[in-house]
Amino acid sequence: MKTQSIAGKGLLLWLLTSFLILTATCLNCWGQARIVDIANDSNDPSNLSDSEPSIAVNPQNTMEIAIMAFSESWGTGTSAPVWKSDDGGFTWRKVTQIGAPSTSLSGPGDQKIGFDAAGNIYVAELGSSPATDFIYRQTAGPDDPLTVGASYGDDQPHLDVDKGTLSGCPNQLYSPWMNYSLANPQSTVANSITGGAAMTSLAVGNNASFPNRTTRIALGPDGKVYVIYKTREGAVDANFETAHFYVRRSDDCGSTWNAIGGTSGIPVHGTTAVTTWFTNSFGNATKGSVGRARSSDAWIATNPTSGDVYAVYTNRDGSGFGQVFVTRSTTQGNTWSVPVRVTDGTHNSAYPEIAVTATGTVGVLYIDYDDSGAHTLFRHHFARSFDNGGSWTDETLQSEDPSTFTAGTFVDGFLWGDYEGLTASGKNFYGVFTGQSIGRATIQQDPIFFNESGVPAASDFYVRDWTTSPMSHDNGEEPSTNPNWWTTGDVWNRLTNTNGGFNANDQPNHQDAQDAVNGHNYAFVRIHRKAAAAGGAPDVSVTARFLYADYGLGVPYQDVSATSTATFTFAAADTEKTLADGLGIQWDLPVTRSTHVCMAVEISAPGDPYFPELAGRAPGWPTTDWTLPADNNKAQKNMDLPAMGESAGLIAAYALVHNAATFSRTVTVRYSVAPEVLRKLEGAQIGLVGGDSQALRAQGILEVSKMEPGENRWISLNYSAPNAKVGDTIPVSLEEIVNGVAINGLTVAVHPAPLDAVIRENLKLHRAAFSRLDRAFDISRARRQAAAAAELLRKPSTTAHEYLAFLRESLPEITRILSETLESRRSGDVFAAKKSLEQLTGAVSSQDASLSVQDHTAFLNKLDAFQTMLQKAEGDPGDILQMVVWQRQLYSKVPVLKSLKLAKRVVEESDEFIKAFGNPRAHEDSYSQMIRELLKSFHETAESLEKMNLRLEPAVDEMEDHLKSTARLEKAHRNYLLKLDALPK
């Protein structure tokens, strides 16, 4: 894999230790886009054409990208490939999953790839001799062989699937194709509600007077479907012809196409014809290879937010060159703006494709050539418009000289076929073009992936999610270029309203949170802008929203407070702002919560929003997208910094693992620790609480098996570090792995500290743990323990003698409190707190202050994790969004539930709740209200499914009984959904 970041950076891999920097060189690249040659000598050993590529991004996970190109054929016992990336385009693999549709057809020919709203893959393919089109669809795993559907059409199939949440045609599949069986070939569109298993074709183009060509499709967010096609009205010369480009629209899921413009549609450039390409000689044949440009002159796209429609086409204007023009419709295709030229009028240009981001930025990919020298040079360009197509900025992605290529590279002597590939997802563009290989011994044509932001640099604000030094840090790339994006990000906590500044490595000085008994917390952030605005530009307001979550993997975030936002004002010249002393966002961690938490921030500015909301969501879920590293508007600090004394005492640390998915699964956790750190540890063990442990190694895997949706388990980390010194750090990192990719992570970074400092930290933890027992569990004895620790903390310092005396006097009561807690909750001692307390008793009896400090820390961590387990077992308000998303999926996808008349109402109520959840406010009331409104539907569900013996009625009654307690309501709701989840899928 060859990766080129045009800004001059390679993929930086690090994990708090020494890491390998991978870089590659691309001498023919300029601009800001990230360029990757997806082929290499291992996965693409033959000199293949790799032409006519197309690209699609999984809407459920923008890190999953798929590309099609002519990169091997199907045959007897062999399948054609799909190129796939699981990490946002940095690395690629070749998955052979397109088998021959029949033994008599060769291929693939023309092809187009796409995803549906659920993330299932679809491919339109052309088989040859005779020419026949097919839709391949995913019916099993994402890398399993795709299932071929019914045959239709005879040439140039394209593809799109309706993914709109507001569409009246959800999951409707459309495939434009050219009908060459007629005297005048006709643009046609097939549609399917069965994913291509059955297809219905309707004529779209008007071929009464002229043959049609170049049929492309776009879907609006409201379900309206647009097709652009060309009428070929006669040759002008050997390379150009007269034509009109018409747009037709369907408002009824493709059943009819007469919504605008009668039988022809609306010409996007007005009634006057244009002069467009139709040639087998795009280039200068006397100076090298050329391209074929016959269906390479128009494309169409919609703004996924506003629904505006954009068309791009080629026209030879007064410059004498074929140029690229864009026009816009704000009236759903009825009228079109005056076309604006994208290209500069100095070279011939063709192969335009267009896409629009969710923020409204328009992108156009195209090719031009320069034949002024001895050999023709071809250049791939990407142009962006930030003002609805009114003006354009252009960058050259790659320039190539085909005369330097290996003989036999070009199929039929042509550089390119009819199209390249461009799409948009969120605020970013993703593209692929057939270009010059990067870093290969044999110069050839390869599929070249590129990724570009749809936000102009002066409007692109970001929060660093990693920094290793003042010279090595995040520059706002999407996705993040560092695999550890949760440890040194620019969001942090302080215990006073001072931001604490930055250390020598330019990392913020973060402090672990404290509960409200110990004091306030203050959230801080540093925000960067990619470039200063032009002089005289107005100030820009940037809003930062702070959130926190229980320390662990898969745990949903919530706002730090009801007033969780801060506002920054960036003047035109400002590129960096830090929340100043005295302006930190005060937040109080409830006494009933663990003090082990992680923090996050999401920022927004005009034209640069964040999506989706973090509130109620865990990084990477519910759709396994990289919620944080894929969006430079977000950052998190998922690092615990517990202090330890300099002794051989045992450290015990815990991290929660939460299944944030809406299905049962095995959660894979990968851990890593630097070898030089590992050498400082003795007896190091890692494992699952209540399960097996293993010796801690430099790298390893923990499988947390059979986790139901919303279930919690705990990872334990135990070791002693007798050789660690003050100033050292002992980081151990954990990552949640899905499909081989880390979607979230945390770091336990224990740091040795002087004995008096650890004593003070332990007294704070002691006060917090026992205050929590008092407030959350009504263990009144615990109040005295909290008060005793508070009394010592009121003194400016605590001697080892005073500390040991405190522990000696406290131990009998602590023993009674632990026994009372275990008995009252009828819970097993899964964290071995009793044994830990015995060890602490022994250490105190020996008058060993250092050992007592360590054992006291271990006991308090066990007690803290145990309380969290008990609380979550009684319901978790943090999980309510996950429950509603799960509820929606069950009622919209499980056949027996989907068939119920009430299912529509359940889905609608779920959608309304999910949509409103992003607002920073309390959600408990709206959750209870939604459940209350759906109780009748739940009772009807129980009645309808009574014969299935699921015992749903008691589960519904339980919800009704707990409408006033969010935690207990969530528990009852989850119990109900677990029963529904047992239904056949």
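**A tour by selection**

Start with aspartate 778, which counts as exposed at 62% relative accessibility. Here exposed means over 50% relative accessible area, buried under 20%, and partly exposed in between, with a 1.4 Å probe and protein chains only.

This is a predicted model, where local features need pLDDT of at least 70, side-chain atom pairs count only at pLDDT 80 or more, and totals for chains, interfaces and linings use all residues. Residues are numbered from 1 along each chain as its sequence is written, and side-chain values use heavy atoms, with hydrogens and water left out.

**Stop 1: around aspartate 778**

Stay on aspartate 778. It sits in the loop between H2 and helix H3 (781-793). Helices (H or I, at least four residues) and strands (E, at least two) are DSSP runs, numbered from the N terminus. Look at the backbone: phi of aspartate 778 is near 60 degrees, a positive value in a residue other than glycine. Most residues other than glycine have a negative phi.

**Stop 2: two helices**

Select helix H2 (residues 755-777) and helix H4 (residues 800-824). Their axes come within 12 Å and cross at roughly 25 degrees. The axes are lines fitted to C-alpha atoms over the stretch in contact, and angles run from 0 to 180 degrees between N-to-C directions. H2 is therefore roughly parallel to H4. Angles under 35 degrees count as roughly parallel, over 145 as roughly antiparallel, 65 to 115 as roughly perpendicular and the rest as oblique.

Now show side chains. Which residues of H2 meet H4? Among them are Leu755, Ile759, His766 and Phe770. Contact means heavy atoms within 4.5 Å. By class, this contact of H2 with H4 has 10 nonpolar, three polar and no charged residues. Ala, Val, Leu, Ile, Met, Phe, Trp, Tyr, Cys and Pro count as nonpolar; Asp, Glu, Lys and Arg as charged; the others, Gly among them, as polar.

**Stop 3: a hairpin**

Go to strand S17 (residues 212-219). Eight of its eight residues are buried, so S17 is largely enclosed by the rest of the structure. S17 pairs with strand S18 (residues 225-235) in the antiparallel sense over six bridges. Two strands pair if DSSP finds at least two bridges between them. Find leucine 219: its bridge partner in S18 is valine 225.

Five residues lie between the strands of this hairpin, and glycine 223 takes a positive phi near 95 degrees. Lysine 224 is in the loop between S17 and S18 too. Is lysine 224 buried or exposed? At 18% relative accessibility, it counts as buried. Leaving aside neighbours within four places in sequence, its contacts include Arg249, Asp251 and Gln332.

**Stop 4: an open sheet**

Four strands form an open antiparallel sheet in the order S13-S14-S15-S16. Strand S13 (160-161) and strand S16 (200-203) stand at the edges with a single partner strand each, so one side of each has no neighbour in the sheet. Strand S15 (residues 186-192) and S16 run antiparallel, joined by four bridges. Threonine 188 stands opposite alanine 203 in S16.

**Stop 5: backbone details**

Most peptide bonds are trans. Glycine 107 and proline 108 are joined by a cis one, with omega about 5 degrees. Proline 108 is in the loop between strand S8 (93-99) and strand S9 (111-115).

Finish at glutamate 52, in the loop between strand S4 (34-37) and strand S5 (54-57). Its phi is near 45 degrees, a positive value. Glutamate 52 is buried, with a relative accessible area of 2%.
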